[in-house]
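Colleague: Please take one chain and walk me through it closely. Start with its parts, then go to what it meets.

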Amino acid sequence: MARMYYMKGITRLEGVLLAALVVVATLAGYAWLKAVATPGPPVQQAPQTITIVDSAGRYVTVPWPVKRVVALTSASAMTLVALGAKDAIVGITEYAVSAPWAPNVTSVGTCFKPNIEAIVSVKPDVVITYARWPKPEDLEDKLEPFGIRVVRLDFYKIETLFAETRLLGLLLNRTKEAEDLISYWQGVYGEIVSRVSGLEPENKTRVYFEGYHDYKAAGPGSGWDELLRLAGGLNIYADAPVTYPKVSAEDVVARNPDVIIKAVSKTKFNPYGATDDAPLREIWESIISRPGWDQITAVKNGRVYLICAGFLHDSFGLVAELAYIAKLLYPDLFADLNPSEVHRHFIEDNLGIPYVGIWIYPAE
Amino acid sequence: MSASGYTRLSKKRALVLASLALALPLVVFVSMSLGVLPVNPIGLLYGLSSGQGIDPLAWAVIWHLRLPRALMALAAGAILAMAGVALQGSLRNPLVSPFTLGVSSGASFGAALAIVLGIGFVGTGTCLIIANAFVFALLATFMALGIARLRGMTPESVILAGIAVMYMFSAGVTLLQYVARQWELAELVYWLMGDLSKANWHRLDVAFLALLACIPLFKFAWDLNALMMGDDVAKSLGTDPAVTRTACAGLSALAVAAVVCMTGPIGFVGLMAPHLARLVVGADHRFLMPTSALLGALLLSTADLLARVVMMPLEIPVGVVTSFLGVPLFIHLLLRAGREIWR
């Protein structure tokens, strides 16, 4: 008997298994055919998700494409508008709610003190905020019971600006728009950085950059310090022990900068829509007439400038700010660069509002 | 005082305690129904009694956000007020608050160390801030008590030692603020303002443990009454002023530190709630303590409710509201009181 089965080349067990396999394969094939050939009723699809790594270095899984966003920072809201995704913004901060470029949506408090209830009420897919603020215990932990995810993207540092734009474009399924933005702004940025890269340290312009408060210099770690470095300048307070050191008039005279730039806050002078530069002249005159400052090279050569915050420093305004600073430091090297045109591109073409205002004093 | 006068006073005290105790659940209920997300109070009341019919989103907002915060306000208000009574009484000084012995500046310094330099004892991030604030709050108080001990624990020595310690830690906070980077500075400034929005159920557990730590304070009610008449009289009545002072200060510091390390320093309640209570029920600590506790809880939870809803969606710092709310009330009672209130 055994020999007979052997000659048949197959045992009984194998035969049963083979038959079973055929039956299963047939049934599966039939089912597959049916599934492919006859379109059944629309199946309720599980919502698609996407997992990304945000600027706080965390894996975040969010519904994709993202349709409703609460932007806790002006910078992220501006970038969303630039991506053509203004309609996706369903909540915005108190500071941005009245901005001319802002969508007409409800305020959810401030970035420093977001109102969790207000965020929950507008039912967003994601909340976008800075990498380091607010603390996760004040945001993620509170939103967790409501299933709302937080994506942390800064949009205020050039080193991460382009990668963050690409990520945001991906989240909203607007990758084409993101690449267009990146190619223009990376072009401007790359041109500036490559031109100053050839400068020898002894030929670099030495700069005193003063923040919003008198005698508060921009020290290491401040956004202005980074911009100065990228624009090829030497910050005379790059060696300070704190971010915004309080310096003395005497020390600035001793360090003798070639250029002085003072940042003017929006509360002192709102640059957007401004036509009268008289308040700026007043500030400017008070700087050049500080005791002993007539000895500083920058004052002697008339190279004291004011730069007004607002539509700079956030999102692609950062690159516009870099262009302004680069031109102030090296007017000959950047003879063909028109920072106002770069800034106009951001305000008019990206944000979709008219480019009117005064950002630099004295005017270039 | 005549017998009928005393009966009248007792009735008044019972009435005050009962109405305060009734007001607390009312404030909690109003806190649950008010906020950015509209909740129908009648629907909520019906839903709470029948256990159904509340919108899930609204209920999630109430359960995770509004309720823990309202309860935290009750606990923190009660603790601060009781600590205020114990310290004002044991140090025989109406200007003393739970923060006089350096609890808040110590906590602030500990938090600042954690936020700016990342230095601390246990944990990282938020845990580090809380642990640091707690440890340094206690450290500050025990430093003050240690110095005062060398001068015989007289009220003046305790207060002056407390003020010295307070200034030292405040200077430390200012120095850390100066060297802080932008983010750290913003975080520190918000911490120093003090607020209840960080409340959650876990933190509430700690707050109620701290509330339990206040219960032994009631044991000192008679001793505090005796101390009000001066150290010598108290001694003749069998009360040891130094022991009472150390115990009251230590227990208060423990409870207040546990609250302040989670909420940041919330001023005014600890100073004013005892005075408000004193104006209503008199200076007998057996009644003053529970009245202050209820009044402090009521004041802080009402203030936090207003802080949340007055400028929605913005929140006003709760300390601002407690002052705006409490000062007019205090002045009203002060002007109406016909007799000397402190004794």
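Modeller: What follows is a walk through chain A, with chain B at the end. Keep in mind that this is a predicted model.

Start with the division into domains. Chain A has domain 1 at residues 2–37, domain 2 at 49–173 and domain 3 at 199–361.

Take the sheet with strands E3 to E7 first. Its 5 strands run in the order E5-E4-E3-E6-E7 in chain A. The sheet is open, and its pairing is parallel. Now look at one pair inside it. Strand E3 (residues 69–71) of chain A joins strand E4 (residues 89–92) of chain A in the parallel sense, over 3 bridges. One contact to pick out there is Val70(A), whose bridge partner in E4(A) is Gly91(A).

A helix covers part of this sheet. H3(A) lies across E3, E4 and strand E6 (126–129) of chain A. The helix runs at about 130° to E3(A). The peptide bond from Trp133(A) into Pro134(A) is cis, with omega near -10°.

H3(A) comes back at the domain boundary. The C-alpha centres of domain 2 and domain 3 of chain A are 30 Å apart. Contact between the two involves 12 residues of domain 2 of chain A and 13 residues of domain 3 of chain A. On the domain 2 side, helix H3 (74–82) and helix H6 (158–171) of chain A each supply at least two residues. H3(A) gives the most to that side, with 6 residues. What kind of residues does domain 2 of chain A turn toward domain 3 of chain A? They divide into 10 nonpolar and 2 polar, with no charged residue.

Next comes the other sheet. In chain A, 5 strands form an open sheet in the order E9-E8-E10-E11-E12, and here the pairing is mixed. Strand E9 (234–235) and strand E12 (360–361) of chain A each have a single partner strand, so one side of each is left without a neighbour in the sheet. Strand E10 (residues 259–264) of chain A pairs with strand E11 (residues 304–308) of chain A in the parallel sense, over 5 bridges. Within that pair, Lys262(A) stands opposite Leu306(A) of E11(A).

Helices pack on this sheet too. Helix H10 (residues 278–288) of chain A touches E10, E11 and E12 of chain A. The direction of H10 makes about 140° with that of E11(A). H12(A) touches E10, E11 and E12 as well, and also strand E8 (206–210) of chain A. The direction of H12(A) makes about 155° with that of E10(A).

Asn256(A) is in the loop between helix H9 (249–255) and E10 of chain A. Phi of Asn256(A) is near 45°, a positive value in a residue other than glycine.

H12(A) has a helix partner as well. Helix H12 (residues 317–329) of chain A packs against helix H13 (residues 339–350) of chain A, with the axes 9 Å apart and an angle of about 170°. The two helices are therefore roughly antiparallel. From H12(A), the contact uses Gly317(A), Val319(A), Ala320(A), Ala323(A), Tyr324(A) and Lys327(A). From H13(A) come Pro339(A), Val342(A), His343(A) and Phe346(A). By class, the contact has 7 nonpolar, 2 polar and 1 charged residues.

Last, the partner chain. 24 residues of chain A are in contact with 21 residues of chain B. Helix H4 (residues 116–121) of chain A supplies the largest share of chain A's side, 5 residues. That side divides into 9 nonpolar, 7 polar and 8 charged residues.

Chain B itself has 14 helices and 0 strands. Its C-alpha atoms fill a box of roughly 65 × 60 × 30 Å along the principal axes. A cis peptide bond joins Met312(B) and Pro313(B), with omega about 0°. Pro313(B) lies in the loop between helix H13 (285–309) and helix H14 (318–336) of chain B.

Notes. Residues are numbered from 1 along each chain as its sequence is written. Chains are lettered from A and ligands numbered from 1 in the order in which they are written. This is a predicted model: local features need pLDDT of at least 70, side-chain atom pairs count only at pLDDT 80 or more; totals for chains, interfaces and linings use all residues. Axes are lines fitted to C-alpha atoms, for helices over the stretch in contact, and angles run from 0 to 180 degrees between N-to-C directions. Helices (H or I, at least four residues) and strands (E, at least two) are DSSP runs, numbered from the N terminus. Angles under 35 degrees count as roughly parallel, over 145 as roughly antiparallel, 65 to 115 as roughly perpendicular and the rest as oblique. Two residues are in contact if their C-beta atoms, placed from the backbone, lie within 7 Å. Ala, Val, Leu, Ile, Met, Phe, Trp, Tyr, Cys and Pro count as nonpolar, Asp, Glu, Lys and Arg as charged, and the others, Gly among them, as polar. Two strands pair if DSSP finds at least two bridges between them. Domain bounds come from an automatic or database domain assignment.
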